[in-house]
Amino acid sequence: MKNFLAFRCNALPYIVAMALAGVIITSCSTKKNTVVSRNFHKLTAHYNYYFNARESYQRGEKRAKESIKYNYTQTLPILLSGDKQTVGIVSGDMDRAITKCTNLITRHSITAKPERKRGAQTAKDKEFYALNEYNKWAVDAWLLIGKSQVWKGALPEATRTLEHILLQFPNTHNWFEAQVWLARVSLLSNDLIAANDKLSTIESNRKRPKDEAFTHLLQATRADFFLKNGQVNDAISSLEKCLAVAKKKDDKLRYTFILAQLHHQQGNKGQASELYARVVRMNPPYEMSFNAKINLAQNFRAAGDAEKMRKDLVKMSKDDKNRDYLDQIYYALGNIERSQNNMSKAIEYYELSAKSSVENESQKGVSYLTLADYYFTKPAYEKAQAYYDSAFNALDETHPEYIKLDAKTRYLTRLVESLNTIAREDSLQRVAKMSSSDRDALIANLIKQVQADEEKQRLAEQEDRDRAIQYQQNQRYQNNPANEGGKWYFYNQATLSYGQSEFQMKWGRRKLEDNWRRKNKRVVLTETNATAQVTDSVANPEKLLSNKTKEFYLVNLPTNDSLVKISNSRIVEAMLKVGEVYQNDLKDYPASIKAYQNLANRFTNTDYALQAYYNLYQIALFANNTTDAAKYKGIIVSSYPNSQYAQMLSNPNYLKELQQKQKESDRLYQEAYGYYSKNQFAMAQSKAEEGLRLYKGTAIESKFALIKALCQGKTADTRTFREALQGIGRQYPNSEEKLVADNVLAYLQQQELKIAMGQVETDTPKETETDTPKAAIEYALPKGEHLFIALVPKEQNINQLKFNLITFNVDFFIDADLTVNNEPFNDFFIMISVTSFKSDKEAMEYYRLASGSEGLMGTMKPSDYVLLVISKENLELFKSDKSIADYLNFFQNNYR
């Protein structure tokens with residue numbers, strides 16, 4: 001700064017001279033390209049803009065290196081620019097650098113060509129006149145903008161800026177730097193091919209800069225590329241070149257630590273130990289030093305070394321400074337024990353590591369993952385699933401094994417859920433088969449155990465509360481905040497200490513983050529899963545019962561044949577899933593064979609047994625076990641001769657014939673659909689019925705059924721159409737055609753009032769007086785007590801309509817003792833009823849008066865509702881049948 005001020009003072013006469021020479025210093029809009037103007041703009045651009053921009057850039061870079069929180073369970077990042085953590089750290093400084101550089105370019109860029117010299121031009125003159133920018137600080141400003149944009153994660157903007165440099169300033173030092181930074185942008189975008197192309201272009205150019213700063217920039221970028229591309233040895237080579245020219249201590253520390261990690265991954269324990277020891281000698285920050293020592297302890301090469309390292313780690317665990325790092329110490333101890341084949345002790349340390357992790361979620365996840373991998377290889381899948389699930393909740397997407405972990409967690413969870421279903425249903429069936437006295441005795445013992453466990457937990461919680469109260473009293477006595485009265489809360493150390501101890505007594509040591517109260521941060525209550533919880537309670541009534549009541553244990557017992565059948569269906573589906581997970585996901589073929597054999601032996605002569613035998617046949621073929629393959633083929637062909645599998649195994653041309661049959665069925669369907677599209681409904685229905693007859697039991701059957709139903713919608717009455725659509729839902733519950741049929745049914749139901757009253761044009765034929773369709777339900781002729789009903793859309797104000805009817809009753813039928821009620825009729829209409837009338841004549845009198853009463857149905861148009869009279873005898877039939885058109889036809893013919 002002293003030199004800078006001295007330079008500014010020395011430069012003052014020169015600036016005055018330029019002013020006297022006619023250069024207007026305060027206005028740079030013309031930017032004439034003369035020696036004087038160039039020197040003025042260079043001087044001003046450098047010290048008023050670029051100097052401050054570079055200071056801000058370097059300040060942000062330093063802040064990033066000091067503030068970044070390294071995850072030592074993974075390889076440290078070679079490049080910090082653009083890292084997710086650093087983006088938030090450096091944004092302010094990089095924005096200031098970008099603003100300064102932008103102002104520099106706006107005010108001091110010189111792109112106008114200077115006046116040419118007379119006479120012949122030298123090569124140097126030609127090069128000078130060919131420049132696109134005559135202020136070197138403007139060129140540097142463009143590069144600094146691009147670098148700042150990379151640091152703050154603005155990759156598209158950085159790409160445009162750096163490509164501008166390549167276009168405008170070729171064959172310059174900045175051109176090569178911009179190319180390297182573009183390679184870094186490609187690496188951040190995971191475009192390794194583009195990154196390699198850019199780096200190779202630089203490396204093949206003989207004119208590339210050879211200075212140490214550029215070599216550092218290039219080799220660090222190349223090392224990052226090699227590491228992301230899985231070329232660890234090449235990454236080590238580039239990183240060693242990078243380390244040789246690095247100037248800053250924090251870079252040297254990080255590169256040395258990364259080299260140690262890479263050598264450790266490659267099994268070079270000697271070199272890794274030497275590098276970790278070098279990191280410790282370089283006096284790094286405590287956390288890096290601690291991790292270097294931990295990793296050094298795990299790189300022992302002899303039994304004696306193991307014992308020494310074990311003692312060193314135990315000693316470290318007793319040091320108060322390492323209280324926050326106990327999880328890593330225990331993990332390292334676990335690795336030492338595992339290397340000595342002492343797995344029981346290793347497991348103990350890994351579990352301690354996971355329990356000790358407070359803020360280091362990555363270490364907790366790695367500890368769980370190590371345990372999960374161990375149990376997976378045993379194999380002990382149920383334990384492995386529990387640990388994989390815990391690891392999945394602790395680790396995030398940045399972990400290199402995250403995608404595999406996600407997949408493994410999902411299929412192991414599916415396996416364990418299926419195994420639990422089998423065990424649960426088998427247990428329920430065993431209890432259901434017990435005598436009443438034995439079952440009651442078992443339930444009584446279970447209730448007694450629950451009560452004992454709850455009492456034990458209550459006493460433990462009471463002890464914790466008593467201990468907490470005693471602790472708080474001691475803290476109040478020892479750290480009385482009154483002793484430091486007058487201080488603001490956060491300056492009062494006694495108050496702070498007391499508050500912290502109280503918090504830790506209640507919550508333990510928690511990391512400061514969103515949802516810090518939650519044990520599982522991935523579980524957030526939403527409207528969807530809140531609804532799911534309510535639905536689950538309805539579907540599982542035992543959740544609404546106390547586990548200290550007999551009913552809680554009886555509610556799901558399969559005590560009759562129907563319930564046993566349901567229970568068996570759950571078991572057989574779960575057994576098939578178990579076999580499929582073993583076979584397809586875990587590739588554990590012995591386990592899958594055992595699972596399929598258990599299924600086939602337990603549920604013989606079922607479709608599930610057939611599927612199990614076919615899967616066993618496939619596994620035998622895969623294992624080249626011709627004996628077993630022949631055995632299972634024989635079982636399928638002899639026991640299930642009509643099955644598709646049997647035909648496929650016994651007929652070599654089966655698949656070809658099946659494809660031919662598929663083509664024929666598709667052709668027939670296209671014919672039926674073509675007739676339907678041309679409104680030739682009789683022909684379309686005939687073709688659909690032919691398809692239903694020829695291709696019964698195939699996937700295309702439901703398509704023919706839908707075509708037939710749609711044709712009936714065009715040629716038959718509404719009831720026939722509705723029943724045909726409902727039949728599709730019953731016969732093909734899992735088909736796409738069911739969804740189409742359901743949508744059409746919903747529309748029919750919604751528009752039924754208007755259809756029944758002839759206010760909506762339909763494709764069904766109009767009924768004539770001589771051709772009245774016969775209703776599916778025979779209503780009784782009018783007699784006995786009657787009701788007046790109004791069918792109104794669900795979205796209407798029902799309470800207001802009921803109030804209108806009550807007022808109407810008071811005005812005209814005050815002595816009749818009438819009651820107004822309402823209930824849902826279907827998904828779209830509410831039925832409001834007025835009860836009761838002694839005869840149909842009284843009801844019809846009410847109907848005629850109500851029909852002519854203006855405003856009784858509010859602001860609804862007559863086409864939006866329907867008023868009817870119905871006997872009590874017919875009401876239940878109407879509510880079950882729900883055909884408005886049929887009853888309206890009956891009403892019009894039988895009530896006058």
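Strand β3, spanning residues 829-837, is mostly covered in this predicted model, since eight of its nine residues are buried. Two other strands pair with β3. Strand β1 (residues 786-793) runs antiparallel to β3 and is joined to it by seven bridges, and in this pairing Pro793 has Phe829 of β3 as its bridge partner. Strand β2 (residues 819-824) is likewise paired with β3 in the antiparallel sense, here over six bridges, with Val820 standing opposite Val834 of β3.

From the strands we can turn to the aromatic rings. The structure holds 43 aromatic pairs. In one of them, the ring centres of Tyr375 and Tyr387 lie 5.7 Å apart and the ring planes meet at 5°; because planes under 30 degrees apart count as stacked, this pair is a stacked one. Tyr375 belongs to helix α17 (residues 361-377) and Tyr387 to helix α18 (residues 381-394), so the contact ties together parts that are 12 residues apart in sequence. Both Tyr375 and Tyr387 are buried.

A tilted pair is formed by Phe808 and Phe812, with 5.0 Å from centre to centre and 45° between the planes. These two residues are four positions apart in helix α35 (residues 798-812), which means that about one helical turn separates Phe808 from Phe812. Phe808 is buried, its relative accessible area being 4%. Elsewhere, Tyr779, Phe825, Tyr847, Phe878, Tyr887, Phe890, Phe891 and Tyr895 form one aromatic cluster.

Aromatic rings also take part in contacts with charged side chains. The charged end of Arg184 sits over the ring of Trp181, at 4.7 Å from the centre of that ring, while Lys408 lies over the face of Phe376, 4.4 Å from the ring centre.

Methods:
Residues numbered from 1 in each chain as written. Predicted model: local features only at pLDDT ≥ 70, side-chain atom pairs only at ≥ 80, totals over all residues. Heavy atoms only, no water. Phe/Tyr/Trp six-rings, centres within 6.5 Å; stacked < 30°, edge-to-face > 60°. Buried < 20%, exposed > 50% of the residue type's maximum accessible area, 1.4 Å probe, protein only. Lys NZ or Arg CZ within 6 Å of the ring centre and 35° of its normal. Pairing = 2+ DSSP bridges.
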